[in-house]
Every structure is written in C-alpha cells, then in structure tokens.
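Welcome! Try each task before you read its solution.

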Amino acid sequence: MSDAIWIFFCALLVLVQQVGFLNLEAGACRNKNGINVAVKNFSDVTVVFLIFLLFGWNVAFGESAYGLIGLPLSINLLEFDSNLGYYLLMSFYCCTWLTI
C-alpha cells in the first residue's frame, strides 16, 4: 500500500512539473496568447493520455513478441487495477516530455 501511495505522490509531482512548464511557456509569450498556451498544454495531456492508453502501455509493458514490441496493441483494462499509479506516472512523464 505504501508503494502505491508513493507512486501516486510521484505522479502528482510530475503533474506539478507540467504546470510549471505551462507557466514558463505562458510567461515567455505575450499576454494575449497565454490562454492559447494553457489550452495547448491541456490538449497535450489529453492526447498523450489517450495515445499512451491505446498503444504506449502495451508497447512498453506488454508481452514480448520476438523481443521487439509488446503485444497486444489494444486496451487491456483488466491489468490496470494494480498498475494504475504506474500508468499515471508514465503518462505524466510522456506529457512532460512532449511539452519540453
């Protein structure tokens, strides 16, 4: 249980990092474009969550197909009970990587 709490806490810290990058980007542009930066970052998070759910999780952590790629390339929600925190952490890292 303490491992899950720690992973959720780390995922929250990475999400705060995403908010920090939003503030950095909004501060580097003109005032009229600040809301556009916020919408871009929100859409980045949404799109990355969906793409990572559809493809990324199974490619990275699915069963190996000849050592090249993880399969199946579909959503497997049955495994998310024990891996939800880790999924959130990895997807937040992908969001932050996309923002950088």
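## Exercise 1: a charged pair

The side chains of Lys 40 and Glu 25 form a salt bridge, with N to O at 3.6 Å. A salt bridge here is a side-chain nitrogen of Lys or Arg within 4 Å of a carboxyl oxygen of Asp or Glu.

Before you start, note that this is a predicted model, where local features need pLDDT of at least 70, side-chain atom pairs count only at pLDDT 80 or more, and totals for chains, interfaces and linings use all residues. Residues are numbered from 1 along each chain as its sequence is written, and side-chain values use heavy atoms, with hydrogens and water left out.

**Task.** Work out which parts the pair of Lys 40 and Glu 25 ties together.

**Solution.** 
- Step 1: Lys 40 lies in helix H2 (residues 34-61) and Glu 25 in helix H1, so the bridge ties together parts that are 15 residues apart in sequence. Helices (H or I, at least four residues) and strands (E, at least two) are DSSP runs, numbered from the N terminus.
- Step 2: Lys 40 is partly exposed, at 33% relative accessibility. Glu 25 is also partly exposed, at 25%. The classes by relative accessible area are buried (under 20%), exposed (over 50%) and partly exposed in between, with a 1.4 Å probe and protein chains only.

## Exercise 2: extending the network

**Task.** How many salt bridges does a search of the whole structure find?

**Solution.** 
- Step 1: The search finds two.
- Step 2: Besides the pair with Glu 25, Lys 40 meets Asp 44 at 3.2 Å, N to O.
- Step 3: Asp 44 and Lys 40 both sit in helix H2, four residues apart, about one turn of the helix. An α-helix has 3.6 residues a turn, so residues three or four places apart point the same way.
- Step 4: Asp 44 counts as buried, at 14% relative accessibility. Through shared partners, the salt bridges join Glu 25, Lys 40 and Asp 44 into one network.

## Exercise 3: checking a helix

**Solution.** 
- Step 1: The buried residues of H1 are Ala 11, Val 14 and Gln 18.

## Exercise 4: a serine in H3

**Task.** Is Ser 91 buried or exposed?

**Solution.** 
- Step 1: Ser 91 lies in helix H3 (residues 80-99).
- Step 2: At 0% relative accessibility, Ser 91 is buried.
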